[in-house]
Amino acid sequence: MPTPQARILLDACGVLRTESAGLQAMITALEAPPRPGEAGLGQAFIQAVERILSDNMRVVVTGIGKSGHIGRKIQATLASTGTPAIFVHPAEASHGDLGMLQKGDAVLAISNSGETAEMADVISHARRFGMLLIAMTSCAHSTLARTADIVLLLPRAPEACPNGLAPTTSSTMQLALGDALAIVLLQRRGFSASDFGVFHPGGRLGTQLRRVRELMHPGPSMPLGTPDTPLRQVIMEMTRKAFGCMGVVDANNRLVGLITDRDLRLALELDLDHTRAADIMNTQPQTIGSDVLAAEALRIMNDRPRPISSIFVLNDTDQPVGIVHLHDLLRAGIA
């Protein structure tokens with residue numbers, strides 16, 4: 001006989017297994033070949049993706065109750081991954097928000113039963129103005145399914161609720177299929193991490209997507225010298241700029257070497273006036289480009305036998321355009 005605490009975990013795992021089975025049933029439905037005369041979930045999903053992309057449609061998501069909450073999340077995911085999208089509440093639509101729908105939109109109507117009375121005005125409006133109506137429902141013969149252009153028919157699966165009433169498995173399936181739609185659209189658009197960062201400038205996600213060019217010290221801030229710079233002036237330049245290093249550039253302003261604090265310590269017994277930068281510089285310094293993610297720059301600086309504290313940023317012709325210090329990355333929250 002399980003203890004009360006063990007019973008809690010057993011019940012929790014039962015919920016997850018039930019919902020997982022629903023997701024697996026949806027995968028099976030997506031992969032199954034269509035039956036004669038039926039589009040099938042997989043074919044309907046393909047049609048939805050192709051129509052949204054080919055006509056460059058904005059997606060208007062609508063739903064009420066739990067389906068409405070799921071719809072808001074789907075709309076947010078679409079909008080943040082390159083597909084213009086808004087959410088329209090069915091009840092508010094009947095009191096003026098129908099004006100938010102425009103010709104050329106795709107309406108994604110979410111209703112497990114497909115018989116949500118509050119959605120009638122949205123459906124009628126979509127039909128009246130020739131908008132693409134995509135239904136996400138579990139009932140093939142419902143009013144919503146029979147009215148829609150494309151039906152994303154969710155397979156029947158038991159709710160995790162022991163009473164079979166609270167939307168659990170069904171809402172998980174709606175959410176997962178909405179995620180699949182958003183990500184497939186993202187992939188077909190070639191939506192990049194850089195594009196993603198434009199829509200997520202705040203928070204940790206935005207921080208992780210910042211580029212080196214946003215954090216580097218450009219121009220006069222860079223500690224630079226030439227191969228002929230005397231060691232004494234190298235020390236002065238490194239002291240003034242305080243990056244713990246100095247870049248060495250040739251006559252074409254291309255980076256040809258690097259001198260670090262460690263190199264200086266090893267050279268202190270040499271003649272400060274007659275020893276040149278070229279005599280002690282590292283001719284193969286680690287560098288990066290300005291479009292590299294700041295998080296990647298941090299990895300490059302740390303993922304080596306002897307981590308480095310500063311790194312030069314070069315353009316396409318190997319000319320330094322900036323320098324980034326480890327502290328710049330840490331202050332920006334890159335970790």
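**Figure 1. Burial and overall dimensions of the chain.** In this predicted model, buried residues account for 41% of the 335 residues in the chain. The secondary structure consists of 15 helices and eleven strands, and the C-alpha trace spans about 90 × 60 × 40 Å along its principal axes. The radius of gyration of the chain is 30 Å, whereas a compact globule of 335 residues would have a value near 20 Å. The chain exposes about 17,600 Å², of which 55% is supplied by carbon and sulfur atoms. Where contacts join residues at least 6 apart in sequence, 64% of them link residues at least 24 apart.

**Figure 2. The largest nonpolar core and the elements that build it.** This core holds 29 residues, and the members that touch the most other members are Leu 78, Leu 108, Ile 134, Leu 152 and Leu 177. At least two residues each are supplied by the helices α2 (40-54), α3 (66-80) and α7 (169-189), and likewise by the strands β1 (59-62), β2 (85-87), β3 (106-110), β4 (132-137) and β5 (150-153). The element that gives the most is α2, with six residues. Apart from this core lies another one, of 17 residues, which includes Val 60, Leu 101, Val 122 and Ala 148. In soluble globular proteins, nonpolar side chains tend to be buried together.

**Figure 3. Surroundings of Ile 134 in the largest nonpolar core.** Ile 134 is one of the core residues that touch the most other members. When residues up to four places away in sequence are not counted, Ile 134 touches Ala 48 and Ile 52, the run of Ala 106, Val 107, Leu 108 and Ala 109, and also Ile 150 and Leu 152. Two of these partners, Leu 108 and Leu 152, are themselves listed with Ile 134 among the residues that touch the most other core members.

**Figure 4. Ile 110 in strand β3.** Ile 110 lies in strand β3 and counts as buried because its relative accessibility is 0%, which is under the 20% limit. Leaving aside neighbours within four places in sequence, Ile 110 is in contact with Val 61, Thr 62, Gly 63, Ser 67, Gly 71, Ile 74, Met 119, Met 136 and Gln 174. Val 122 is twelve residues from Ile 110 along the chain, and the C-alpha atoms of the two are separated by 12 Å.

Figure 5. Ser 310 lies in strand β10, which covers residues 310-314, and with a relative accessibility of 8% Ser 310 counts as buried. A polar atom of the Ser 310 side chain lies 2.8 Å from the backbone oxygen of Phe 243. Phe 243 is also among the residues that Ser 310 touches, together with Cys 245, Met 301, Ile 323, Val 324 and His 325, if residues up to four places away in sequence are not counted.

**Figure 6. Thr 287 in strand β9.** Thr 287 lies in strand β9, made up of residues 287-289, and is partly exposed, with a relative accessible area of 25%. Residues up to four places away in sequence aside, Thr 287 touches Leu 255, Ile 311, Phe 312 and Leu 314. The C-alpha atoms of Thr 287 and Arg 299 are separated by 13 Å, the two residues being twelve apart along the chain.

**Figure 7. Two loop residues with positive phi.** Asn 56, although it is not a glycine, has a positive phi of about 50°. Asn 56 is placed in the loop between α2 and β1 and is exposed, with a relative accessible area of 58%. Ala 242, likewise a residue other than glycine, has a positive phi near 60°. Ala 242 is found in the loop between α11 (231-241) and β7 (245-249), and it is exposed, with a relative accessible area of 56%.

**Figure 8. Cysteines without disulfides.** A search of the whole structure finds zero disulfides. For Cys 13, which is in no disulfide, the nearest cysteine sulfur is that of Cys 161, at 18 Å; Cys 13 counts as partly exposed, at 35% relative accessibility. Cys 161 is in no disulfide either, and the nearest cysteine sulfur to Cys 161 belongs to Cys 139, 17 Å away. At 16% relative accessibility, Cys 161 counts as buried.

Terms used
Residues numbered from 1 in each chain as written. Predicted model: local features only at pLDDT ≥ 70, side-chain atom pairs only at ≥ 80, totals over all residues. Heavy atoms only, no water. Helix = DSSP H or I, 4+ residues; strand = E, 2+ residues; numbered from the N terminus. Buried < 20%, exposed > 50% of the residue type's maximum accessible area, 1.4 Å probe, protein only. Polar contact = N/O pair within 3.5 Å; in protein donor to acceptor, adjacent residues only side chain to side chain. Contact = heavy atoms within 4.5 Å. Core = buried A, V, L, I, M, F, W, Y, C linked by side-chain atoms within 4.5 Å. Rg over C-alpha atoms; globule rule 2.2 N^0.38 Å. Areas by Shrake-Rupley, 256 points an atom, 1.4 Å probe, with all protein chains shown as cover. Disulfide = S-S within 2.5 Å.
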